[in-house]
Amino acid sequence: MEKSQPTIDSLPRRKFYAAAVFVLNALMGIALAIPAIAYLLVPSRKRQQDQWVEAGDVGTLVPNSPVEMSFRKSRVDGWRTISEKATAWVVKKPDGELVAFGPQCTHLGCAYHWEEKQNQFVCPCHTTLFSIDGKVISGPAPRPLDRYAIKVDGTKLKVGDLHHA
Amino acid sequence: MRERIERLISGIDERTGLPAGIRKFLYEEIPWSSGWHQVFGSVALFLILIQFFTGIMLSFNYAPTPGDAYNSLRYILTEVTAGRIMRGLHHWGASMIIVVVVMHMVQVFLWGAYKKPREGTWMAGVVLLLVTLAYGLTGYLLPWDNRAYWGTVVATQIGSTVPLMGPYVTQILGSGNGIGVVTFARFYAVHVLLLPPTTMLLIGLHVYLVRKHGVVPALGDELKPKRVFYPQQVFKDTVAIFVAFTILFTLAIAAKVPLERLADPTDTSYIPRPEWYFLFLFQLLKMTEGPMEVVGTVVLPTLAILALFAIPFLDRGKVTRVTKRVTAFGVVILAGIGWAGLTAAAVRSTPPQTAAAQIDFSGPTEWMRLSPVELAGIGVYRSERCDACHNVGGQGGQKAGPDLLNTSAHHDAGWMIEHFKHPSNVVPGSSMPPIEITTAQANELAALMLKLTPEFGNVIATTPAFAVQAATVYQKNFCGNCHQVNGVGQTMGPPLNGLSQRRTEKWVVDHFNNPKALSPGSPMPPYKFSAKDMEAMTNWLFTL
């Protein structure tokens, strides 16, 4: 460092310093940003396999008469797995085929219900009407009702994950 | 374009004065002799900013109450993407700050940069050192594993020995009834609410004073031209920061920070140790036992801190060349030797933790839910080198035999046992050689095969050897005919889960050797295990 004739750094050298400062800081910024973005945006590893839970007895269902069945389902909530109450609107079609709708309106998540007189599902929040096969008749809901994956074991209905129709 | 930018900058300048301020900061004059020896302050500041950043990141997935703290940290380590890197950066960053802060202090001390009028700068720096140590002390508890819990038990006990003030220290730390939710809440609050703003204020004061008094000139600097902070010194600072960052990043990725088992206040076998930078204090404490204990816990540390504060007032001599400051070098070397000696003594006197205490809970622990027969099956799998031809769940490259994950979906235990003994009988054309194992071993291996679902696919790779060895002994001695482990076995004797909560390791060893002496009327016969088997057995039983 010590020179006999002290001089201030020349311009090219100052330019090199400035460029090096920029490059090194950029490298560190990138090295930090990549894990940070991954940490915040990449979903965490899935802990659980799909699960099937028993929702109820479908032996007594009357065709075209939806019934709300409630059951307990475990849900992964961050570092916890909680067991919570869940429901499904189960419809038996005239041909015997079963459908289990998720209990929330696809607009903003309100709980809808079956209106026997209107023969429609009615959401009380913004008056979306759904037909018995889950299609939107009127109102702001953007898509048909969500459906559970289902399996039938004798007269027992088992439900799995909820999917968009 | 250039004109536009300049107009924008001068517009901002007119309204805020910010660009002029930054320019003043960057183009400050520094003495000719400034250089590489003055980079440590910047590195320390950089590392503190990294701690703020990673700390905030961790807090997004961390719940600060004892039970949840551990589980959420485990979640960060095992499930959250890049969570392990974030925690690694925060953990190793803490240690690196201590190292860099000490280097910074040593440099300032050797160069005599604390002399008039810079006493305040030095003293603010000493407070920053104490703040750094306070971060270390409070952060140590937050994982709420055994290490955290027991380390903090010792630290709070030391606090309670302070003469006169002991009860008040205990009151403030909330540790009157032991370490629990109250102490945890307080440590967390200090760590994330009290210390960070304090740090920022102190750094502000410290940097303000450095700027006010300027960088210390060396003798002869007055004859030489001044340098400017930017870009040359900034370049040197940045290179030093880059080196520090590279070390830190490498540690965060390559060096695993373990997570021990959940804090267990009933654990009688755990050997508490503080973080490495507190080991010298710990050793000092051990050397001053009995009535002299307060000397090691309170008197000496207090004197050392007071001495640090008093340095600018003790050394009032004129500024000289750093090479002439023989006494200063002597003090630093003596302090270094003292510190290293105490730390080495502490490390040497630390007995190794038991295998049970060393289980890493930041990795997969599914094996802990296996039954003894399945664990023993892992022993057969390993000793028969099944892995030479089979993978479980994909990893390991191309091999001769099929992947064993999910074999239970197609085959039952009877099929498997027949297959082990006469492979080509059940799979015509199979190139697998018959394996020479006892019926009991075949049962164990079959039990393991049935367990190899995706959830337990990692157990063959991750189960520690001591657990396998212990389970093999357990099976060989038919312990399951009287005892239950993880829900498997009979209940004539007491179930073995939770044994560590009820008994000490010594009790368990004595009980194996002579059950009737400790449990009168017990129908359990004595078991004379080899020393290795006994060690594996007690370790494993204590993980249950």
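Does Gly11(B) sit among the buried or the exposed residues, and why — what does its count of C-beta neighbours inside 10 Å make it? Gly11(B) counts as exposed, because it has 11 C-beta neighbours inside 10 Å. The cut-offs are these: with C-beta atoms placed from the backbone, a residue is buried if 20 or more others lie within 10 Å of its own, exposed if 12 or fewer, and partly exposed in between.

Before going on, the conventions. This is a predicted model, in which local features need pLDDT of at least 70 and side-chain atom pairs count only at pLDDT 80 or more, while totals for chains, interfaces and linings use all residues. Residues are numbered from 1 along each chain as its sequence is written, and chains are lettered from A and ligands numbered from 1 in the order in which they are written.

Back to Gly11(B). The residue belongs to helix α1 of chain B, residues 2-16. Helices here are DSSP runs of H or I with at least four residues, strands are runs of E with at least two, and both are numbered from the N terminus. From Gly11(B) to Pro372(B), 361 residues along the chain, the C-alpha separation is 75 Å.

Now chain B as a whole. Its secondary structure consists of 23 helices and four strands. The radius of gyration is 31 Å, well over the 24 Å that the globule rule gives for 544 residues, so chain B is more spread out than a compact globule. That radius is taken over C-alpha atoms, and the rule is 2.2 Å times the number of residues to the power 0.38. The C-alpha trace spans about 95 × 70 × 40 Å along its principal axes. Of the 544 residues, 33% are buried.

Next, the interface. Contact means C-beta atoms, placed from the backbone, within 7 Å. On that basis 26 residues of chain B touch 24 residues of chain A. On the chain B side, α4 (66-78), α5 (83-111) and α10 (229-254) are the elements giving two or more residues. The largest share, nine residues, is from α10(B).

Last, chain A. An open sheet has four strands in the order β5-β6-β7-β8, paired antiparallel. Pairing requires at least two bridges found by DSSP between two strands. At the edges are β5 (113-115) and β8 (136-138) of chain A, each pairing on one side only. Strand β7 of chain A, residues 129-130, is joined to β8(A) by two bridges. Phe130(A) has Val136(A) in β8(A) as its bridge partner.

How values were computed:
Contact = placed C-beta atoms within 7 Å.
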